Amino acid sequence: QVPLVESGGGLVQAGGSLRLSCTASESIFDRGQMGWFRRAPGQRRAFVASITRDGVSRYDDSVRGRFIIARDTSKNAINLTMNSLKPEDTAMYYCTHIGFDLWGQGTQVTVSS
């Protein structure tokens with residue numbers, strides 16, 4: 001079983017919204033922090049947001065106030081709701097289980113101007 005599976009990327013116009021989901025295997029979902037990173041073309045992978053098992057969230061300054069990370073315990077998933085998207089949000093987004101250093105395969109988000 002693949003430990004982390006992302007979905008929900010796509011193409012959206014600037015100002016629009018997307019929601020990413022990351023489903024984790026039951027054995028790891030409640031064990032530590034999970035989060036999202038992103039890698040834009042030609043750049044290094046960068047932190048976006050994270051959430052603890054108790055629901056405490058943290059955001060990079062570049063997305064605070066626009067993105068919301070949340071846990072869906074009924075689906076062993078974390079969701080990233082991205083609002084007011086900007087062209088500079090264009091990147092491959094990766095889900096991660098921070099405690100176990102596990103990574104998903106990535107999902108592409110493209111924001112057109």
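The count comes to four salt bridges, a salt bridge being a side-chain nitrogen of Lys or Arg within 4 Å of a carboxyl oxygen of Asp or Glu. The model is predicted: local features need pLDDT of at least 70, side-chain atom pairs count only at pLDDT 80 or more, and totals for chains, interfaces and linings use all residues. Residues are numbered from 1 along each chain as its sequence is written, and side-chain values use heavy atoms, with hydrogens and water left out. Side chains of opposite charge can pair when their charged atoms come close.

One of the salt bridges joins Arg-38 to Asp-89, with 3.0 Å between the closest N and O atoms. Arg-38 lies in strand 4 (residues 34-39) and Asp-89 in the loop between strand 8 (77-82) and strand 9 (91-97), so this pair ties together parts that are 51 residues apart in sequence. Strands here are DSSP runs of E, at least two residues long, numbered from the N terminus. Arg-38 and Asp-89 are both buried, where buried means under 20% relative accessible area, exposed over 50%, and partly exposed in between (1.4 Å probe, protein chains only).

Asp-89 also forms a salt bridge with Arg-66, the closest N and O atoms being 2.8 Å apart. Arg-66 sits in the loop between strand 6 (57-59) and strand 7 (67-72), 23 residues from Asp-89, and the pair links distant parts of the chain. Arg-66 is buried, as is Asp-89. Through shared partners, Arg-38, Arg-66 and Asp-89 are joined into one network.

Another salt bridge brings together the side chains of Arg-64 and Asp-61, at 2.4 Å from N to O. Arg-64 counts as partly exposed because its relative accessibility is 47%. Asp-61, with a relative accessible area of 62%, is exposed.

Terms used: Helix = DSSP H or I, 4+ residues; strand = E, 2+ residues; numbered from the N terminus.
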